[in-house]
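This report goes through one protein chain, from selected side chains to the overall fold. Please look at the sequence and the model before reading on.

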Amino acid sequence: MGVEKERSDTSVIMDDDEFNRSIEPILSKKGKIYVEPPDRDPNDINAHLKVGFDDVIAEPRSTHSFDRVWIGSHAVFELAKYVFYRVLSTLLAVPMAFLLGLVFGLISCIHIWVVMPLIQSFLMVLPSARVVWRSLTDMFVFPLFQSMGKSLSSVHVETTYN
C-alpha cells in the first residue's frame, strides 16, 4: 500500500465510426473477415440521432475527472445505449412496423382512390366554373364598384386645424 510513483498511460485506438456504431467485436473471429453491415439509413433520415458520448458529455481542459472514471463512464454510456436500444427495438419494432404499415397503407389508399380523383374532377370542372364566375362578377360586382367609384370620386375632404 505505497504511493504509486509511476503513472500508467492507457490508450485505446479505435476508429470513431466503428466505436460509436456498436460494441460488437471489430476483430475477425476464427478466420472470418469482418464485413460491414448494410446501411439501414441510406437517405440519412435519422442523422440527428448519431449521438456519441462526446456529444453528450464533455470535460473542458480546466476540469478533468480521473482517467479511469472517464473511460468507465464512456464504456457504460455506450453499453447502456446499445443494450437499451436493442431491448426496446426487440419489443417495439414488430408492433410499430405493423401499425405504421396500416397507417401508410390507409393513407396511400385514401390518397390514390379519394383525394386524387377529387382533385382531378375539380380541375376538370374549374375552367367551366371560371367562365361562370367571371360572367357573374362582370354582371354584378363590376358595375357596383364602378358606380361607387364614380360617386365617391366627387367627394372632397378638407382637414382644418383649430
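Which residues does Phe53 touch, not counting residues up to four places away in sequence? Phe53 touches Trp70, Ser73, His74, Phe77 and Glu78, where contact means heavy atoms within 4.5 Å. The place of Phe53 is in helix H2; helices (H or I, at least four residues) and strands (E, at least two) are DSSP runs, numbered from the N terminus. Phe53 counts as buried, at 2% relative accessibility. Here buried means under 20% relative accessible area, exposed over 50%, and partly exposed in between, with a 1.4 Å probe and protein chains only. Between the C-alpha atoms of Phe53 and Ala75, which are 22 residues apart along the chain, the separation is 9.0 Å.

This is a predicted model, in which local features need pLDDT of at least 70 and side-chain atom pairs count only at pLDDT 80 or more, while totals for chains, interfaces and linings use all residues. Residues are numbered from 1 along each chain as its sequence is written, and side-chain values use heavy atoms, with hydrogens and water left out.

**Overall fold**

The protein chain has three helices and zero strands, in the order α-α-α along the sequence. Of its 162 residues, 4% count as buried. The chain exposes about 15,600 Å², with carbon and sulfur atoms supplying 66% of that area; accessible areas come from the Shrake-Rupley method with a 1.4 Å probe, and for residues only the protein chains shown count as cover. Among contacts between residues at least 6 apart in sequence, 48% join residues at least 24 apart.

**Helix H3**

Helix H3 covers residues 67-153 and spans only 86 Å between its end C-alpha atoms, whereas a straight helix of 87 residues would span 129 Å at 1.5 Å a residue. The expected span is 1.5 Å times one less than the number of residues. A kink of about 45° lies at Leu92 in H3, shortly before the proline Pro95. The bend at a residue is the angle between axes fitted to the seven residues ending there and the seven starting there.

**Salt bridges**

A salt bridge is a side-chain nitrogen of Lys or Arg within 4 Å of a carboxyl oxygen of Asp or Glu. By this rule the count comes to two salt bridges.

| Pair | N to O distance |
|---|---|
| Lys50 and Asp44 | 3.1 Å |
| Lys81 and Glu78 | 3.8 Å |

Lys81 and Glu78 both lie in helix H3, three residues apart, about one turn of the helix. An α-helix has 3.6 residues a turn, so residues three or four places apart point the same way. Lys81 is partly exposed at 33% relative accessibility, while Glu78 is buried at 3%. Glu78 is also one of the residues that Phe53 touches.

**The loop between H1 and H2**

Asp44 is placed in the loop between H1 and H2. Although Asp44 is not a glycine, its phi is positive, about 55°. Most residues other than glycine have a negative phi.

Asp41 lies in the loop between helix H1 (16-21) and helix H2 (53-56). Asp41 is buried yet has no salt bridge, and the nearest side chain of opposite charge, Lys50, is 5.7 Å away. For charge, Lys and Arg count as positive and Asp and Glu as negative; His and the chain ends are not counted. Leaving aside its neighbours within four places in sequence, Asp41 is in contact with Asn46 and Ala47.
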